[in-house]
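Please read the following walk through the fold with the sequence and the model side by side. The account starts with the sheet and then turns to the helices, a few side chains and the overall shape.

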Amino acid sequence: MTGARRDGMTLVEVMIAITILATAMLAIAAFMAKFAHAVAVSDVRNTASELASQRLEDVKTSPRYSAIDSLFPGTSNLTGTNAGYSVKTMVARTGGTAAAVYDYKTITVVVSNARLDAPIKRSTIIAAY
(Lines give C-alpha, C1' and ligand atoms only; values in the text may rest on other atoms or scores of the structure.)
Protein backbone atom coordinates (compact mmCIF):
# COMPACT_ATOMS: atom_id res chain seq x y z
CA MET A 1 0.00 0.00 0.00
CA THR A 2 1.49 3.31 -1.02
CA GLY A 3 -0.37 5.73 1.24
CA ALA A 4 -3.86 5.97 2.52
CA ARG A 5 -5.96 8.78 1.18
CA ARG A 6 -7.34 11.05 3.92
CA ASP A 7 -10.70 12.73 3.63
CA GLY A 8 -11.72 15.28 6.30
CA MET A 9 -10.09 16.05 9.62
CA THR A 10 -9.14 13.94 12.59
CA LEU A 11 -10.83 14.30 15.96
CA VAL A 12 -7.72 15.95 17.44
CA GLU A 13 -7.67 18.58 14.69
CA VAL A 14 -11.35 19.37 15.25
CA MET A 15 -10.84 19.71 19.01
CA ILE A 16 -7.89 22.07 18.53
CA ALA A 17 -9.89 24.18 16.07
CA ILE A 18 -12.83 24.40 18.50
CA THR A 19 -10.48 25.39 21.35
CA ILE A 20 -8.94 28.17 19.27
CA LEU A 21 -12.37 29.39 18.19
CA ALA A 22 -13.71 29.33 21.77
CA THR A 23 -10.70 31.29 23.04
CA ALA A 24 -11.17 33.91 20.33
CA MET A 25 -14.89 34.19 21.10
CA LEU A 26 -14.20 34.67 24.84
CA ALA A 27 -11.66 37.38 24.06
CA ILE A 28 -14.17 39.18 21.82
CA ALA A 29 -16.87 38.92 24.51
CA ALA A 30 -14.53 40.40 27.15
CA PHE A 31 -13.63 43.24 24.79
CA MET A 32 -17.30 43.96 24.07
CA ALA A 33 -18.12 44.10 27.79
CA LYS A 34 -15.30 46.59 28.42
CA PHE A 35 -16.33 48.62 25.39
CA ALA A 36 -19.98 48.78 26.51
CA HIS A 37 -18.90 49.94 29.97
CA ALA A 38 -16.64 52.63 28.47
CA VAL A 39 -19.47 53.90 26.27
CA ALA A 40 -21.86 54.08 29.23
CA VAL A 41 -19.35 55.99 31.39
CA SER A 42 -18.56 58.31 28.50
CA ASP A 43 -22.26 59.07 28.06
CA VAL A 44 -22.61 59.96 31.75
CA ARG A 45 -19.49 62.18 31.61
CA ASN A 46 -20.75 63.96 28.48
CA THR A 47 -24.14 64.60 30.06
CA ALA A 48 -22.52 65.93 33.25
CA SER A 49 -20.22 68.19 31.24
CA GLU A 50 -23.16 69.51 29.23
CA LEU A 51 -25.14 70.20 32.43
CA ALA A 52 -22.20 72.12 33.92
CA SER A 53 -21.75 74.19 30.75
CA GLN A 54 -25.48 74.88 30.58
CA ARG A 55 -25.51 76.11 34.19
CA LEU A 56 -22.55 78.42 33.52
CA GLU A 57 -24.34 79.84 30.49
CA ASP A 58 -27.42 80.47 32.64
CA VAL A 59 -25.29 82.45 35.08
CA LYS A 60 -23.55 84.37 32.29
CA THR A 61 -26.88 85.48 30.84
CA SER A 62 -28.13 86.80 34.17
CA PRO A 63 -29.59 90.25 33.55
CA ARG A 64 -28.05 91.75 36.71
CA TYR A 65 -24.53 91.26 38.04
CA SER A 66 -25.71 92.02 41.58
CA ALA A 67 -28.30 89.23 41.47
CA ILE A 68 -25.82 86.43 40.74
CA ASP A 69 -25.00 86.04 44.46
CA SER A 70 -28.62 85.45 45.43
CA LEU A 71 -30.05 83.59 42.42
CA PHE A 72 -27.54 80.89 41.57
CA PRO A 73 -25.64 79.42 44.56
CA GLY A 74 -26.92 76.12 45.89
CA THR A 75 -27.39 72.47 45.03
CA SER A 76 -30.18 70.99 42.96
CA ASN A 77 -30.96 67.34 42.32
CA LEU A 78 -32.26 66.94 38.80
CA THR A 79 -35.27 64.89 37.78
CA GLY A 80 -36.74 63.72 34.49
CA THR A 81 -34.29 62.84 31.75
CA ASN A 82 -31.36 63.95 33.95
CA ALA A 83 -32.43 62.11 37.09
CA GLY A 84 -29.53 61.10 39.29
CA TYR A 85 -27.43 64.17 38.57
CA SER A 86 -26.68 66.75 41.24
CA VAL A 87 -25.63 70.27 40.23
CA LYS A 88 -23.90 72.45 42.82
CA THR A 89 -23.24 76.11 41.99
CA MET A 90 -20.84 78.23 44.04
CA VAL A 91 -20.20 81.96 43.70
CA ALA A 92 -17.13 83.69 45.17
CA ARG A 93 -16.79 87.44 44.90
CA THR A 94 -13.42 89.15 44.68
CA GLY A 95 -13.25 92.85 45.49
CA GLY A 96 -16.42 94.84 45.10
CA THR A 97 -15.74 97.39 47.83
CA ALA A 98 -15.18 101.08 47.19
CA ALA A 99 -11.44 100.72 47.84
CA ALA A 100 -11.04 97.54 45.79
CA VAL A 101 -9.31 97.63 42.43
CA TYR A 102 -11.12 94.54 41.18
CA ASP A 103 -14.73 93.43 41.19
CA TYR A 104 -15.44 90.02 39.73
CA LYS A 105 -17.19 86.80 40.65
CA THR A 106 -15.86 83.29 40.20
CA ILE A 107 -18.66 80.86 39.43
CA THR A 108 -17.90 77.17 39.94
CA VAL A 109 -20.31 74.40 38.95
CA VAL A 110 -19.81 70.83 40.15
CA VAL A 111 -21.95 68.07 38.61
CA SER A 112 -21.96 64.66 40.25
CA ASN A 113 -23.56 61.32 39.54
CA ALA A 114 -23.21 57.93 41.22
CA ARG A 115 -21.77 56.45 38.01
CA LEU A 116 -18.98 59.05 37.74
CA ASP A 117 -15.54 58.31 39.13
CA ALA A 118 -15.03 62.00 39.94
CA PRO A 119 -17.45 64.94 39.69
CA ILE A 120 -17.27 67.24 36.67
CA LYS A 121 -16.13 70.73 37.66
CA ARG A 122 -16.33 73.87 35.49
CA SER A 123 -15.54 77.47 36.42
CA THR A 124 -15.80 80.90 34.86
CA ILE A 125 -15.17 84.48 35.93
CA ILE A 126 -17.67 87.27 35.41
CA ALA A 127 -16.56 90.86 35.86
CA ALA A 128 -18.81 93.67 37.03
CA TYR A 129 -20.70 95.29 34.19
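In this predicted model, four strands form an open sheet in the order β1-β2-β3-β4, and their pairing is antiparallel. The edges are taken by β1 (74-77) and β4 (120-127); each has a single partner strand, so one side of each is left without a neighbour in the sheet. On average, and with direction ignored, neighbouring strands of this sheet are turned by 15° against each other. Strands of a sheet pair through backbone hydrogen bonds, either parallel or antiparallel.

The pairings can be followed strand by strand. Between β1 and β2 (residues 86-95) there are four bridges, in the antiparallel sense. G74 has T89 in β2 as its bridge partner, and S76 stands opposite V87, also in β2. The next pairing, β2 with β3, is antiparallel as well and runs over 10 bridges. Here K88 has V110 in β3 as its bridge partner.

Helix α1 lies across β2, β3 (103-112) and β4, and runs at about 15° to β4.

T124 lies in strand β4. Is T124 buried or exposed? Its relative accessibility is 15%, and the limit for a buried residue is under 20%, so T124 counts as buried. Leaving aside residues up to four places away in sequence, T124 touches L56, K60, K105, T106 and I107. Of these contacts, L56 and K60 fall within helix α1, which covers residues 11-60, while K105, T106 and I107 fall within β3, residues 103-112. K105 has another neighbour to note: K105 lies over the face of Y65, at 4.2 Å from the ring centre.

Aromatic rings come next. The count of aromatic pairs comes to one. This pair is F31 with F35: the ring centres are 6.1 Å apart and the planes stand at 20°, so the pair is stacked. The angle is what decides the label, because planes under 30 degrees apart count as stacked. Both F31 and F35 lie in helix α1, four residues apart, which is about one turn of the helix. How do the two residues stand in terms of accessibility? F31 has a relative accessibility of 51% and therefore counts as exposed. F35, with a relative accessible area of 45%, is partly exposed. The cut-off for exposed is over 50%, so F31 and F35 fall into these two classes.

The overall dimensions complete the picture. Along its principal axes, the C-alpha trace of the chain spans about 110 × 30 × 20 Å. The radius of gyration of the chain is 29 Å, whereas a compact globule of 129 residues would have one near 14 Å. Buried residues account for 21% of the 129 residues. Of the contacts between residues at least 6 apart in sequence, 45% join residues at least 24 apart.

Definitions and conventions
Residues numbered from 1 in each chain as written. Predicted model: local features only at pLDDT ≥ 70, side-chain atom pairs only at ≥ 80, totals over all residues. Heavy atoms only, no water. Phe/Tyr/Trp six-rings, centres within 6.5 Å; stacked < 30°, edge-to-face > 60°. Helix = DSSP H or I, 4+ residues; strand = E, 2+ residues; numbered from the N terminus. Buried < 20%, exposed > 50% of the residue type's maximum accessible area, 1.4 Å probe, protein only. Lys NZ or Arg CZ within 6 Å of the ring centre and 35° of its normal. Pairing = 2+ DSSP bridges. Axes fitted to C-alpha atoms, helices over the stretch in contact; angles between N-to-C directions. Contact = heavy atoms within 4.5 Å. Rg over C-alpha atoms; globule rule 2.2 N^0.38 Å.
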